[in-house]
Amino acid sequence: MKKMLNFVAAFLLILHCSAIVAADSHSERIRFIYFNDFHSQNLPLKQDEVASSSPLVGGAATLAAYIDLFKQNFDSHVFVIDAGDDYQGSPICEITKGFSQVKILNVIMPDIMTIGNHEFDYGRDGINILIENAKFPIVTTNILDKIRETYVGEKHLIRKFGNIRIGFIGLISNSMPKLTQEENLEGYTFLNTHLAARATIEEIRDQVDLIVVVSHCGDVADISLARKVEDIDIIIGGHSHKTLFKPLIKNNTIICQAGYKGKYVGILDILVDVESKKITKYQTWLEDTFVDNVQPNPLVKHIVDSLENSIGDKFTTVIGHLETPWVRGRREESNIGNWIADAIREYEGTDVSIQNRNGIRKDQAGGDIAVKDIWEIMPFANKLVSFELTGSEIKAMLEKNVAAGTDFMLFSGLRYEWNTRAKPGERIQNISISGRPLQVNTSYTICTNDYLVNPNKFSDAFGLSRAGRTFEYSEQTIREILVEKVKAEKTIQSTTDGRIKIIR
Ligand SMILES: [Zn+2]
């Protein structure tokens, strides 16, 4: 029966694809298959992470199977694109400093990959593991290695698809210095995306008919790139984890992105006129990578299984039970944010603790909690660090925090009201610390993760100068503290308690 289902599913996928713009002798048909921000999600996950009945999607072997299928059912040129951030998300990736992902990618064999910010999370070791072992082209048009005096990957890639030549460039976000620990970036230089793209397009313009940018910059930056840099036909993006069911079209550039963690695979079919060298038609969609609809790629499955077996049951051991699902929220307090902030403040004994929203990487369904879950919620090996802020600095920090576009901070020990109707600078009211009103001239002790206080990040995170401050670093990683907290509590019932009151 299972075989039959697979057959039916494959048949439906083929039907879906046959709707594609028909070929003729004046055109080339090219299919791009793309994914991004896989984040070492080597095992399948629920499509909706907290819904108990949500279907399983993804996992490396399933993603590989969908890529195989979409290659097989297209009878013209196919090109597979990985837009970066394969690293960071699961224990095996951190233990192997990314080698687990390179092994898997060497079977999937993308035709191009660009490097994402999280590929830098294990410093030069992690980058070297990727560069030295990858059997596929890596293109990094705006990342220079000062030590090797070259681009980290290739500067660009030119491929022929019948009568059409396409130039590929790869870009990483201009925010790069703020996106990982400073020491991870030693010896690397990041060039401005617009300048690097313009210069490289200029350089290869005469050798190619179309330009495709593989971008790890996020959809907002991709829109600006499409507007400000001429001649880009397609941007296959990543970084912002956007599930673009329909592409964005800006300045005639087609911008795509396929969510994150392999929940979807993206398909973009184009028809290119061989005379005018222009894209005359295109069709794009995201395919849900439902586990039940395909047979996993056996080679990838074998690698994933042996990698998981190699770390034994240390990570699968159940350490506690979650009563209410942990849901992260966006720009508001959340039960998981409160629980983490409470855990680190309790450990460090400071007046206040801070956890950034974007540092919490998954929601958690109610039920058993394994060590692995805590590692997936908090994949970064961030350490706890403490320092001091005055009352007036805390007020300034909170005003900055509620401005649009920040990585929203979650607190323990601190309560405040956010009046969204008030003017900037007057939005934060009724701040209290340890139950008493904030005193502007008093110094308060703060603990948080070492990522937020790193020299490239501090002023961006807190809206304050870092100069002259002293920081005390703990040896303990935050996730070790969280694992111990789950073990101690056993049954966890975490709630929101109005510590951030939003007045709309
Ligand atoms: Zn990223």
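**Cores, a helix and a strand**

Trainee: Which strand pairs with strand 20, and in what sense?
Mentor: This is a predicted model, to start with. In it, strand 20 (residues 383–390) pairs with strand 26 in the antiparallel sense, over three bridges. Val385 stands opposite Tyr473 of strand 26.

Trainee: How many of the six residues of strand 26 are buried?
Mentor: Zero, so strand 26 (residues 472–477) lies largely in the open.

Trainee: Switching to the core. Which residues touch the most other members of the largest nonpolar core?
Mentor: Tyr34, Val213 and Ile236, out of 85 residues in that core. Helix 2 (residues 60–72) supplies the largest share of this core, nine residues.

Trainee: And what is Tyr34 in contact with, beyond its neighbours within four places in sequence?
Mentor: Ile81, Ala83, Ile236, Cys256, Ala258, Gly266 and Leu268.

Trainee: What lies apart from that core?
Mentor: Another core, of 42 residues. Its members include Trp339, Leu384, Val453 and Val483. As a general matter, nonpolar side chains in soluble globular proteins tend to be buried together.

Trainee: Helix 6 next. What does it span, and what is expected?
Mentor: Helix 6 covers residues 193–204, twelve residues, and reaches 16 Å from first C-alpha to last, close to the 16 Å expected at 1.5 Å a residue.

Trainee: Which of its residues are buried?
Mentor: Thr193, Ala196, Ala197, Thr200 and Ile201 are the buried ones in helix 6. Looking down the axis of helix 6, these buried residues fall within an arc of 125°, so they line one face of the helix.

Trainee: What covers the buried residues, and what is on the face turned away?
Mentor: The cover includes strand 9 (164–172), strand 11 (210–216) and helix 7 (219–228). On the face turned away from the buried side of helix 6 are the exposed residues Leu195 and Glu202.

Trainee: Last topic, backbone angles. Where is Gln88, and what is its phi?
Mentor: Gln88 is in the loop between strand 4 (77–82) and helix 3 (91–95). Its phi is near 75°, a positive value in a residue other than glycine.

Trainee: Is Gln88 buried or exposed?
Mentor: Gln88 is buried, because 25 other C-beta atoms lie within 10 Å and the cut-off for buried is 20 or more.

Trainee: What about Lys97?
Mentor: Phi of Lys97 is near 50°, also positive in a residue other than glycine. Lys97 sits in the loop between helix 3 and helix 4 (99–108). With 19 other C-beta atoms within 10 Å, Lys97 is partly exposed.

How values were computed. Residues are numbered from 1 along each chain as its sequence is written. This is a predicted model: local features need pLDDT of at least 70, side-chain atom pairs count only at pLDDT 80 or more; totals for chains, interfaces and linings use all residues. Helices (H or I, at least four residues) and strands (E, at least two) are DSSP runs, numbered from the N terminus. The expected span of a helix is 1.5 Å times one less than its number of residues. A residue is buried if 20 or more other C-beta atoms lie within 10 Å of its own, exposed if 12 or fewer, and partly exposed in between; C-beta atoms are placed from the backbone. The arc is that of the directions from the helix axis to the C-beta atoms. Two residues are in contact if their C-beta atoms, placed from the backbone, lie within 7 Å. Two strands pair if DSSP finds at least two bridges between them. A nonpolar core is a set of buried Ala, Val, Leu, Ile, Met, Phe, Trp, Tyr and Cys residues joined through C-beta atoms within 7 Å.
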